Amino acid sequence: MNYRSLAEENANPFLEAQQIRNDDDEPTTTTATATTTTTQATTKSDDAKLFTAAAHLDDHEHENEDTPRNSGIMIHIVPETGKESHRWNHIEDLDSFFSRMYNYQQKHGFHVIVLDELFQVLEFGFVIWLFTFTTHCIRFNELFGNNPNITKTTLSDVIIPTGQCITHFGFFTYLVIFIAAIYLGIRMLKMIYHITQYADIRRFYQTALLIEDHELDNITWHEVQQRTRRVQAEQHMCIDKELLTELDIYHRVLRFKNYLVALMNKQLLPVRFHVPLLGEVVSLSRGMLLNIDFILFRGPGSPFQNNWQLRDEFAVRSNQTELAQRLSQLILWVALANLLLAPVIFLWQLIYFSFSYANILRKEPSALGLRTWSNYGRLYLRHFNELDHELDARLNRAYEYADRYLSSFSSPMAAVIARNLLFISGGVLLLILALGIYDEHVFQVEHVLTIIAILTVIGVVCRTLIPDENLIWCPEQLMTAILAHVHYLPTEWKSQAHTAHVRNEFSNFFQFKFGYLLSEIFSPFVTPFVLIFVFRPKAMEIVKFFRSFTVSVRGVGNVCSFAQMDVRKHGNPDWQLSDVVDQPPQPQQQQQQQQQFQHQQQQQQQQSMAGGKTEMSLVRFTLNNPEWQMPKEASEFIKGIREHAIDELVKAKTSTQPMGRENPLTHSLISFGTIGEEYCSIANSVLAADLTAEQLQLSQSMARSRGGNVGSDFRHMLQQNLGEHMSSSAVLNPADSMRRLRLSKAEGRIEGPTDTLLYSLYGVEPRLAAKNPIGVTVADMCLSALYLHELSQQKRLARQSRIDETDEQPGPSNRQASTGGGRGGGGGGGASGSRSGSRNNVITSKAAESTPLLGNIRS
């Protein structure tokens, strides 16, 4: 049964028009007559429904006399017979329900999920069968030809019959089979449970969302989300709220993932640790992530008592010591369990990865030389409230730039050694192949095939160490393109992309496939010690984190406060648009203001995320979910970014001085244009377009208008930095690869956002400019990321300048030297000596030299 008040009915924007439409022009007698006529041909159930509807209409017409909305009268709505819509009222565990909904859409429906679950069980059974068959059912002497009496070996000679094979089983074999049978039985029960749960999700998609399985590949998650919100408005899946917002659904699906993103940003996860003889190691294996998830969220004794609620003890400050001790003990027991099971897990992972990559390595051994985003990189670069397919799409766009960046580095010594090893191994391999072609008996010689395989692997490894002779050296430009897509990189990397330190740090994000496989295979032996000696000492800090940064959201439960994307509470001061930092202190209050400023900075750093995580997550979420009704502070932040950008664009286009045309926006647009031809076309269109009246009115710095035309000097700067190789009438299509993917993997809605930074700068109607809405969304986020990084860099330099001026003596020469040196070291100095010094780096193009984000800033 479903009970609603008329206030809920009328205030509900998602109800179908036929359910809430009232024909005020039609007289009451007509309604009564129609109701009477219809009643004669309906069942008793239909009579009840029509009576309820008639009462609704009658009360609505006489709302001036006695309005039910004001009196609080509840109306009972009888569910329609023959439909399963009433089954979705009051779902207890919406976290699991929405997560299964998301997986159902991303995994292409019920049949694919069932097949995948079935094959996972069969894979385990196949491994156990293959292990017992190999150890007990093969005559290795006949297989290797050690029996001289047999001239021709057949399968019957090699394979032992099943009856004889079973008699060879020993105690260890029976123990392995017994344990495997128990696990297989549990896994089958889990498979059956998953299938029944997804069968329920299938009915929900078909009956409530009206989406069939064959339509899933052609529908976006955004559309599924909007239909789910309508179902919530009609059937109240969540009884604590009348309506669900987009952020509520994201919170449900990504509740624990948001906590992990915040813990990574606060450096509370065991990612960096020292290994004897190896030094510092950066690693986050899949096994480590599973253990952390079990310890913090899902295991018995974890801080969360269920999927949506933190334990009540965390609300009391005096319980911190006890909670930290309990968490420390839990980590210890989990680590000891990992240590006990390490040999079994290691053997399983070795077999699993060997079977998974054996065929790939046989056909393409160079696959081990490819790179992939590490688990550490994926978690470090992830936004708050970012689903898996959205993260994958973003990292896939940055893959080519990241691969080219790391490939541009090479060791001269390693290259010399690799060339000589390649020459020697190639000569030996050629000799064996030539002799084998002459007489095939050569391949039957013992260990010849093994030698060929080893020489092939040596050749593949050596080729990866030899640099490409036609490679163009432009690390700053490539790092700019990477940052535009991944959105987060340490600020210390600015203007340092050419250094070995940055290259080594970035390789932790983007590692070799071979290194990834090795870390996963050997992680069972590393994970227990990392949990004990790295993660366990942070128990108190983790308890304080959960206590300090957990909030309760009505209708959702306890969530990470950073995932609320509250820029007022958790915003980083370096990423805000206020100009307080740029104002110089009064001379008589310098020391007092400095102490207050440092104390304020410490408090803000504790309450904020590093690298603009909160601000960047908010911008991305609003682009992918344009219907979201954001809070006032968030709306003002987004609006402030666009107004600030328009103001800088107006200044650049109307200024007569060269220095007035260089600001964070123009630097960002130039950096944006160096990513590729499509992005260059967009930057050309923005910079070359005439100013509109709205833009001129919005700019606070405009004292007089020059008609909105771009000056000849500004056009010259534009042509010098971006070139004229793309016509201004070219089709804007910065993300063709996204159009070739299924719509189920697309980010945001198909129509794209209606209010973006690019639309604000271009000054056109969004519907006229959006030739490729999904591509425009991607391009707008790239430009927003570059622009926010530029603004953040400008504020950091201004704050550092204030600190230097306060600490130093009032000597003008010292202050000038310190300020110039500080800015030059940060990559954003305005002194000519700083710029000329940084230009000594090897750069091959004017576009790369002009890239301000991670190159030289001319300010």
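# Chat about a predicted model

User: Which residues of α7 are buried?
Analyst: In α7, the buried residues are F110, I113, E117, V121, F124, V127, I128, T132, F133 and H136. Keep in mind that this is a predicted model.

User: OK. What span should helix α7 have?
Analyst: Helix α7 covers residues 110-136, which is 27 residues. At 1.5 Å a residue, helix α7 should span 39 Å. The end C-alpha atoms are 39 Å apart, so the two values agree.

User: New topic: salt bridges. How many are there?
Analyst: The count comes to 19 salt bridges.

User: Give me one. What does R255 pair with?
Analyst: R255 forms a salt bridge with D95. The closest N and O atoms are 2.6 Å apart. This pair links distant parts of the chain. R255 sits in helix α14 (residues 255-265), and D95 sits in helix α6 (residues 94-106). The two are 160 residues apart.

User: Why can side chains like that pair at all?
Analyst: Side chains of opposite charge can pair when their charged atoms come close.

User: Is R255 buried or exposed? And D95, buried or exposed?
Analyst: R255 is buried, because its relative accessible area is 2%. D95 counts as buried too, at 5% relative accessibility. The cut-off for buried is under 20%.

User: Which residues are linked with R255 in a network?
Analyst: D95, R252 and R255 are linked in a network of salt bridges.

User: What about E505? Which residue does E505 bridge to?
Analyst: E505 forms a salt bridge with R272, with the closest N and O atoms 2.7 Å apart. This pair also links distant parts of the chain. E505 is in helix α22 and R272 is in strand β3, 233 residues apart. E505 counts as buried at 17% relative accessibility. R272 is partly exposed, with a relative accessible area of 34%.

User: And D566? What does D566 pair with?
Analyst: D566 forms a salt bridge with R568. Here the closest N and O atoms are 3.8 Å apart. R568 counts as exposed, at 60% relative accessibility.

User: Back to β3. How does strand β3 pair with strand β4?
Analyst: Strand β3 (residues 272-275) and strand β4 (residues 279-282) pair in the antiparallel sense, over four bridges. H274 stands opposite E280 in β4.

User: What do β3 and β4 form, and what is in the turn?
Analyst: They form a hairpin with three residues between them. L277 in the turn has a positive phi of about 75°.

User: How do side chains sit along a regular strand? What's the rule?
Analyst: In a regular strand the side chains alternate between the two faces of the sheet.

User: Where is Q477, and what lies 2.9 Å from its side chain?
Analyst: Q477 is in helix α21. The backbone oxygen of T674 lies 2.9 Å from a polar atom of the Q477 side chain. Q477 counts as buried, at 16% relative accessibility.

User: Last one: where is K494?
Analyst: K494 is in the loop between α21 (475-486) and α22 (500-509). K494 counts as buried because its relative accessibility is 7%. The C-alpha atoms of K494 and M479 are separated by 9.2 Å, and the two residues are 15 residues apart along the chain.

User: Great, thanks!

How values were computed: Residues are numbered from 1 along each chain as its sequence is written. This is a predicted model: local features need pLDDT of at least 70, side-chain atom pairs count only at pLDDT 80 or more; totals for chains, interfaces and linings use all residues. Side-chain values use heavy atoms; hydrogens and water are left out. Two strands pair if DSSP finds at least two bridges between them. Buried means under 20% relative accessible area, exposed over 50%, partly exposed in between (1.4 Å probe, protein chains only). The expected span of a helix is 1.5 Å times one less than its number of residues. A polar contact is a pair of N or O atoms within 3.5 Å; within protein, one must be able to donate a hydrogen and the other to accept it, and residues adjacent in sequence count only if both atoms are side-chain atoms. A salt bridge is a side-chain nitrogen of Lys or Arg within 4 Å of a carboxyl oxygen of Asp or Glu.
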